[in-house]
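Please read the following report alongside the sequence and the coordinates.

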Amino acid sequence: MHTTVLVVGGGATGVGVARDLALRGVDTTLVERGALAAGTTGRSHGVLHSGARYAEADPDDAAACLAENRVLRDIAPDCIDETGGYFLQLDGDDPSYFERKREACDSLGMAVETLSGDALRDRVPEANPRVERALAVPDGVVSPATLVLATAAAAREAGAALHTHSPVEDVHVADGRVTGVTVGGRLDARVEADVVVNATGPWAGRCAALAGVDVPMAPTRGVMVAVDNPGVDAVLNRCRPPDDGDIVVPRDGTAVLGTTSVAVDDPDDFERTQSEIERTVAECAAMCPAVDAEVRDTYWGVRPLYAPDEAERDDARKISRGFALLDHAADGAAGLVTVVGGKLTTYRRMAEATADRVCERLGVDAECRTAEQALPASDDPAVADLRATLGVDAPAN
């Protein structure tokens, strides 16, 4: 079979690329080895980032988060819970860090508000009496499953073909150009494509290697711990440099506590330790003691961190959470494009940048429409049909 563009990966970025390209009139096929959202997307904490988390360390990435936060509220309101969020400074936390974060958020044009500890507890009674002050920011909570299904439904409606449970087995290269991809599973076909987009998250290095290309990855695991929600109705962040157990996310009657950051060699096979679960609960309980409760569920995600700098790999928390777009023509695999890194909040922007690059290579002159065109609602029959026929694998829901 032939398609103009083959997208590999059925997480948020992959379905986002398929939707964007299909809306531009490009013949697009997507393949995913499992169900939709079966990788990093479906195992995220589901925070719709305002950018505040990255404001002082990476203002460009923070600005992108803020912009996409606003876009997603417009085009996907059915996928989002407008919770708001707070960054909490506890006694003993560095007050200068709080000031730097507030100033950085202000410089981005973000709507922020500084609250005393008492004012914060008026809004979030479960917050620890040790909270001295807080910064209110426009965080939210997004449903990864609903977002991916809605985006995939929009992609299919625009003409994209979607195939789950169809793993890539080989990428064929001849004369410095990708010529086709062997796909197994349900599709079971050799797919010829003018461009192949590698949107496989932490598996991006493995997918690229099938074409003889090196994409240096430094994937890290992180645990999410779900407990009964004691009444928290906003995202709580610890106002300190990123560390274990610094975020509490309300979702579906639970409070999801996150997370850790431990390097893994294999995103399919890695250790899951009880100590990380216990540490995450204990650290989150410093913000909200009532979340130190019986654990209802745990799930582990693997971050798709791109790390071309060898020195960065010794401290994964220093690796940028921004995304990278790699064109492998210079690597002897023209027609192969890899998009890697990033976060759920910026998936649409990542897809737009990827589609721009692909259309440039194809000579397609068409503008991106994904920032203005609304996604279908969760009760749309097309979304229900995709859930039933292609499946979704997202413990984050």
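## Helix α2 against helix α8

The axes of helix α2 (residues 59-75) and α8 come within 8 Å and cross at roughly 100°, where axes are lines fitted to C-alpha atoms, for helices over the stretch in contact, and angles run from 0 to 180 degrees between N-to-C directions. That makes α2 roughly perpendicular to α8, given that angles of 65 to 115 degrees count as roughly perpendicular, those under 35 as roughly parallel, those over 145 as roughly antiparallel and the rest as oblique. Helices (H or I, at least four residues) and strands (E, at least two) are DSSP runs, numbered from the N terminus.

On the α2 side, Ala64, Glu68, Val71, Leu72 and Ile75 meet Tyr347, Arg348 and Arg349 of α8, contact being defined as heavy atoms within 4.5 Å. By class, this contact of α2 with α8 has five nonpolar, no polar and three charged residues; here Ala, Val, Leu, Ile, Met, Phe, Trp, Tyr, Cys and Pro count as nonpolar, Asp, Glu, Lys and Arg as charged, and the others, Gly among them, as polar.

## Basis of the values

This is a predicted model, in which local features need pLDDT of at least 70 and side-chain atom pairs count only at pLDDT 80 or more, whereas totals for chains, interfaces and linings use all residues. Residues are numbered from 1 along each chain as its sequence is written, and side-chain values use heavy atoms, with hydrogens and water left out.

## Helix α1 against helix α8

Helix α8 (residues 347-362) also packs with helix α1 (residues 12-23), their axes coming within 8 Å and crossing at roughly 50°. That makes α1 oblique to α8. The crossing of α1 past α8 is right-handed, a term used if the near helix is turned clockwise from the far one by less than a right angle, with left-handed standing for anticlockwise.

The α1 residues Ala12, Thr13, Gly16, Val17, Asp20 and Leu21 meet Tyr347, Met350, Ala351, Glu352, Thr354, Ala355, Val358 and Cys359 in α8. The residues of this contact of α1 with α8 divide into nine nonpolar, three polar and two charged.

Strand β5 (residues 85-90) and β7 pair in the antiparallel sense over six bridges, two strands being taken as paired if DSSP finds at least two bridges between them. Within β7, Arg133 is the bridge partner of Gln89. Strand β6 (residues 113-116) likewise pairs with β7 in the antiparallel sense, over four bridges, and the bridge partner of Glu113 in β7 is Ala136. Six of the seven residues of β7 are buried, so the strand is largely enclosed by the rest of the structure; buried means under 20% relative accessible area, exposed over 50% and partly exposed in between (1.4 Å probe, protein chains only).

Glu132 lies in β7 (residues 131-137), and this residue is partly exposed, with a relative accessible area of 43%. Leaving aside its neighbours within four places in sequence, Glu132 is in contact with Gln89, Leu90, Asp91, Ser116 and Gly117. The C-alpha atoms of Glu132 and Ser116 are separated by 6.3 Å, although the two residues are 16 residues apart along the chain.

## The β3-β8-β4 sheet

Three strands form an open sheet in the order β3-β8-β4, with antiparallel pairing. The edge strands are β3 (47-48) and β4 (80-81), each of which pairs on one side only. Between β4 and strand β8 (residues 140-142) there are two bridges, and Ile80 stands opposite Val142 in β8.

## Strand β13 and its partners

Strand β13 (residues 220-228) is mostly covered, with eight of its nine residues buried. Eight bridges join β13 to strand β18 (residues 295-303), the two running antiparallel, and Ala226 stands opposite Asp297 in β18.

Strand β16 (residues 254-258) pairs with β13 in the antiparallel sense over five bridges, with Thr254 as the bridge partner of Asp228. Strand β17 (residues 262-263) and β13 pair in the antiparallel sense over two bridges, and Thr220 stands opposite Ala263 in β17.

## Val173 in strand β10

Val173 is found in strand β10 (residues 168-174) and counts as partly exposed, at 35% relative accessibility. Not counting residues up to four places away in sequence, Val173 touches Val178, Thr179, Ala211 and Gly332. Val173 and Leu336 are 163 residues apart in sequence and 9.8 Å apart in space, C-alpha to C-alpha.
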